[in-house]
Amino acid sequence: MIHRNSQGKLEFHISLNHKIVIVLVATMILLASLWTTVMFLNMSRNAKDIALNDERTYIRSVGSNENSVEEVCNLAKQTIVQQTSLYDYMQLAKSGKDLDTVEKIEFYNNEIASLDNMTNTNPYLYQIRLFVNAPITEKKPCFYRIDRLKNLAWAASYQSGAWEINYTDTAFPNNINYSTRLAAIVTDIYDENDDLLAVLEVSTNIENIIPNFYSENKEDLNFFIDSNDHIVCSDHVQELLNSNKKQILEMVENNSEPAYIKLNDKNFLISTMEMTSLNGTYVHITTTDHIIASYYDSQSPYVFIVVISMIIFSALVVILIRYIFRRFNNLTTSVKRIKNGEHIMLPTDGNDEVSDMAMQINDMLSALEQLNEEKMNRELLAKNAEIKALQNQINAHFMFNVLETIKMLAEIKEDYEISDAVTSLGEMFRYTVKWTSGMVALKEELKYIKNYLDLLNLRFDYEITLSLEIPEEYMKLKIPKMSLQPLVENSVAHGIENVAEDTLIVIKAYKQEELVCIEVLDEGVGMSEAQLEGLRQRLDSNEWISDSSDHGRALYNVMQRIKMYFGPEYGLQIFSEEGTYTKVVIQIPKTN
């Protein structure tokens, strides 16, 4: 609700029952949001964990399939290498000899046909080809002269017994199948003299090793990285890898387990599997955005139910709060009438907190007249106190004028010793009656002590010298007013007067860890160990309050004031040696 305040400005006012409604509804919404968020996060985490487990299962299946393909190719290779009839024929052809026509036909129909039959009966094998280093009669699809080999991309760089990955069959330039990519294990076959007899190529479709190699699905990518970081993949996969190759290579190098990665502002799951025999690593990258999207879509009904529930709950809260606060609103209306000057008593029917409040307000109204009367009495006392304070100021002003007159008379008569004494006395008097908050700068307290000793030296036949060893940085340090002067007065009364000879009072200030220590030392009669210990015990005791003895009273008062201003961990310490010295150290915080 908007209303005007006492200055006429518009203010926005919210009643208590509305505040409670807002707090309850906001709390409910907050708790529901937190619970929903936690539940969503847990379910999202579970969905991601399921995706990770599925990915691990997929990678294991790829590894199993790769082992099967490799085993089939190696088995075919071993079978052919160990086939004696083939070896003997290739060795015969290399020597320049040949079989007769009948034997050759039988050889081709049996041995060469068996190679073709091996390819046709095994789905993992694409083809088996022997490139013979001799002038043989070629027999498609597996028996050729070695000069056909030069048309293949890997011919100039292959290593015997190793795999060649991702190439097309270009052995016959006029009949090239560009749509099929191959992987093959290539093996050299030597005769007894280590002369090359033939090159054996056992090939398989690359999709048997890299699943979905030809797939155009941009949310599921499969490729192979060899030991030289060369990526073997289809063209549509290459588009993604061109701009993310460095990041992908780092992930492949640092993660042996499936992990999440962000590529081109999309979330992917990347997993790897080392293919040792192929001298490289298989990499599978699949998007996870559709997993999260489907998860959130499945939660839409739940969100709708929560929103409807919150609306119903808010409506119920509003109705209940209005009912509960009906009597309270009546009470506030009556209080406003009293504020406007009406003399009424609040209704106290009922036995709840509202009735108790009404009774308390009635009691408060009954006491207002008495409080007003007491207030007027206090104001009268305050006025009297102000008048008294003004009289004191007038009296102090009169004393300053008298001292100034005495000083002028002394200077006229050229009695400068009396003039200086009056100046010191005036400064001491002004420092004493000057109003402060209880704290003064250290330099002001030291000035008072100097004037005090100057006046004492007029009285004594001996001289008390004041030595100050205080860095300039401590001169503005705040200390309780009249906290050092009682220590100096104690030094004179209990230590120096009994000696009655020229002596020295030293005041030092120095830092000790986080404290500032102010030390007052006199070269007086000192104290014995028993006296010192007794004094220390009495300073730490509350007996000083009721003790009628004046000895040590100043020390106790100073210590209590320091504790009051700075805290119980601060105070003063006393050190003494009989016949030599007495030293009192005040400890206060560095910053106060």
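Predicted model: local features only at pLDDT ≥ 70, side-chain atom pairs only at ≥ 80, totals over all residues.

Visitor: Which aromatic residue pairs with F172, and how are the two rings arranged?

Guide: The centres are 5.0 Å apart and the planes stand at 65 degrees. Planes over 60 degrees apart count as edge-to-face, so that is the arrangement here. Both residues of the pair are buried. The partner of F172 is Y144, and the pair is edge-to-face.

Visitor: How many residues apart in sequence are the parts that this pair ties together?

Guide: Y144 belongs to strand β4 (residues 143-145), while F172 sits in the loop between β5 (163-169) and β6 (177-190). The pair therefore ties together parts separated in sequence by 28 residues.

Visitor: And K140 again: what is the form of the peptide bond from K140 to P141?

Guide: P141 is found in the loop between β3 (127-132) and β4. Omega of the bond from K140 to P141 is near 5 degrees, and the bond is cis.

Visitor: Where else does a charged end sit over a ring, and at what distance from its centre?

Guide: Look at F575, whose ring has the charged end of a lysine over it. That lysine is K583, and the distance to the ring centre is 5.3 Å.

Visitor: How many aromatic pairs does the structure hold, and how are F107 and Y108 arranged?

Guide: The total is 12 aromatic pairs. In the pair of F107 and Y108, the ring centres are 5.7 Å apart and the planes are at 85 degrees, so this pair is edge-to-face.

Visitor: Are F107 and Y108 buried or exposed, and which cluster do they belong to?

Guide: Buried means under 20% relative accessible area. F107 has 7% and Y108 has 8%, so each is buried. Their aromatic cluster consists of Y89, F107, Y108 and F143.

Visitor: How do helices α2 and α3 cross, and with which hand?

Guide: The axes of α2 (residues 84-94) and α3 (residues 101-121) come within 11 Å and cross at roughly 125 degrees. That angle makes α2 oblique to α3. In the contact, α2 contributes S85, L86 and Y89, and α3 contributes K104, F107, Y108, E111, I112 and L115. As for the hand, the crossing is left-handed.

Visitor: Why is helix α11 described as largely enclosed, and which elements do its buried residues pack against?

Guide: Of the 12 residues in α11 (residues 485-496), nine are buried, so the helix is largely enclosed by the rest of the structure. Among the buried ones are L487, V488, V492 and I496. They and the other buried residues of α11 pack against α10 (442-459), β14 (464-469), β16 (503-512), β17 (515-522), α13 (553-566) and β19 (581-589).

Terms used
Residues numbered from 1 in each chain as written. Heavy atoms only, no water. Phe/Tyr/Trp six-rings, centres within 6.5 Å; stacked < 30°, edge-to-face > 60°. Buried < 20%, exposed > 50% of the residue type's maximum accessible area, 1.4 Å probe, protein only. Helix = DSSP H or I, 4+ residues; strand = E, 2+ residues; numbered from the N terminus. Lys NZ or Arg CZ within 6 Å of the ring centre and 35° of its normal. Axes fitted to C-alpha atoms, helices over the stretch in contact; angles between N-to-C directions. Parallel < 35°, antiparallel > 145°, perpendicular 65-115°, else oblique. Left-handed = near helix turned anticlockwise from the far one by under 90°. Contact = heavy atoms within 4.5 Å.
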